[in-house]
Amino acid sequence: MRKHLATVICITAAALALSGCAGAESKEDKAKALALDFAHSRESHDGKYCDLLDGRSANQIAECKKDEADLKTKAAANPQPAMNPKVSQTIGREDKFGVAVEVTQAGTQQFVAVEAVPNGDGFKIGKWNYADKADYGTDQVITKTLGW
């Protein structure tokens, strides 16, 4: 009986350990998710991206959200077709990640480079910028755009 109980405990412990590993999201996956959330929010002007920015004061976040609300009002007068952002490239450097997100809207292609910096268990945006068209398809979409 003790052998059976010990076996059940070992199997249960192994299953719990493996399920925890399978559900764990890698740092790179978290950085990519942050960059996609940023792209969606930035392009839709919903202001959610303002909370994703690292090192901002409450006043700066409030100002960011106000500016985004103004842009959303202006954009409502000229609606755009849905966009389809996707991660095109990721570069890890030290403890941060550079993520290039391709945003195609109404046939126009743009890349935004996002620097994901550690913040607790996740990431925040250290800096971001739209990449030069000449850098599309190269590492410079991230390195040059973010000044790495």
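This is a predicted model: local features need pLDDT of at least 70, side-chain atom pairs count only at pLDDT 80 or more; totals for chains, interfaces and linings use all residues.
Start with the chain as a whole. The protein chain holds four helices and four strands. Along the sequence they follow the pattern α-α-α-β-β-β-β-α. Of the 148 residues, 30% are buried. The accessible surface comes to about 9,300 Å², and carbon and sulfur atoms account for 54% of that surface. Take the contacts between residues at least 6 apart in sequence: 48% of them join residues at least 24 apart.

Now turn to the strands. Strand S2 covers residues 96–105, strand S3 covers residues 108–119, and the two pair in the antiparallel sense over nine bridges. Within this pairing, Val-101 stands opposite Val-112 of S3. The hairpin of S2 and S3 has two residues between the strands. There, Ala-106 takes a positive phi near 55°.

S3 also pairs with strand S4, residues 122–130. These strands run antiparallel too, joined by eight bridges. Pro-118 has Phe-123 in S4 as its bridge partner. The hairpin of S3 and S4 likewise has two residues between the strands, and here Gly-120 takes a positive phi near 65°.

The lining includes His-40, Glu-43 and Ser-44, along with Asn-78, Pro-79, Gln-80, Pro-81, Ala-82 and Met-83. Gln-105 is also one of the lining residues. Helix H2, residues 27–44, gives the most to this lining, with three residues. By type, the lining divides into five nonpolar residues, six polar and one charged.

Note on methods: Residues are numbered from 1 along each chain as its sequence is written. Side-chain values use heavy atoms; hydrogens and water are left out. On a 1 Å grid over the protein atoms alone, a cavity is a set of points where a 1.4 Å probe fits but cannot get out, and a pocket is an open set with protein on both sides within 12 Å along at least five of seven lines; lining residues have an atom within 4 Å of a point. Ala, Val, Leu, Ile, Met, Phe, Trp, Tyr, Cys and Pro count as nonpolar, Asp, Glu, Lys and Arg as charged, and the others, Gly among them, as polar. Buried means under 20% relative accessible area, exposed over 50%, partly exposed in between (1.4 Å probe, protein chains only). Contact means heavy atoms within 4.5 Å. Accessible areas come from the Shrake-Rupley method with a 1.4 Å probe; for residues, only the protein chains shown count as cover. Two strands pair if DSSP finds at least two bridges between them.
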